[in-house]
Amino acid sequence: INILVCRGDLNADSMVQFKNRLTRLLNQKKKRLILDLAKAKHADFSGLGILMERIQKVRSLHGDVRVIHLQPEVSEAFDQIGVNRLVEAFESKDDAIRSFQVAA
C-alpha cells in the first residue's frame, strides 16, 4: 500500500502532478493507494475530474484508492460531483490500510 500526499488544493495543477506520481506507481505494479488530503482545503471541478479519471484507471488495473483526512470543503465538492460514490474516505491511515486487508 502506497500513500500519496497531496501537497495542496485539488486543482488542475496539483492533480497533474498527482497523475504523474500515480502513473509511476502503476508502472511499478503498485495498485493499492491511499491519497492523504490533509493539506487540500479546496477543490475545483477540473482537479476532481482528473482525480476521478485516475481512480477509474487504477480500478481498471485491478487496484483501488482510498482517501484520508478529507477536509470539509473538499468533502462537499466530492458530494457535489459524486466522487464520494467512487472512493471511500477514512479518518486515519490505519483505518484505510485495514480496509484494504478486509477487501483482500
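**Exercises on a predicted model**

β1, helix α1 (residues 12–27) and β2 form a β-α-β unit that is right-handed. The model is a predicted one.

**Exercise 1.** Determine how β2 is paired with β1 and with β3, and how the chain gets from β2 to β3.

*Solution.* Start with strand β1 (residues 2–5): it runs parallel to β2, and four bridges join the two. Within this pairing, Leu 4 has Leu 35 of β2 as its bridge partner. Next take strand β3 (residues 64–68), which is also parallel to β2 and is joined to it by five bridges. Here Ile 34 stands opposite Arg 66 in β3. The chain passes from β2 to β3 through helix α2 (residues 45–60), in a right-handed β-α-β crossover.

**Exercise 2.** Trace the salt bridges of Arg 66 and state which parts of the chain Glu 88 and Arg 66 tie together.

*Solution.* Arg 66 meets Asp 64 in a salt bridge with an N to O distance of 2.7 Å. A salt bridge between Glu 88 and Arg 66 has an N to O distance of 3.9 Å, inside the 4 Å cut-off. Glu 88 belongs to strand β4 (residues 88–90) and Arg 66 to strand β3, so this pair ties together parts 22 residues apart in sequence. Now compare accessibility: Arg 66 is buried at 3%, whereas Glu 88 is partly exposed at 44%. Finally, a network of salt bridges links Arg 59, Asp 64, Arg 66 and Glu 88.

Conventions. Residues numbered from 1 in each chain as written. Predicted model: local features only at pLDDT ≥ 70, side-chain atom pairs only at ≥ 80, totals over all residues. Heavy atoms only, no water. Pairing = 2+ DSSP bridges. Right-handed = clockwise from strand over helix to strand, strands pointing away. Salt bridge = Lys/Arg side-chain N within 4 Å of Asp/Glu carboxyl O. Buried < 20%, exposed > 50% of the residue type's maximum accessible area, 1.4 Å probe, protein only.
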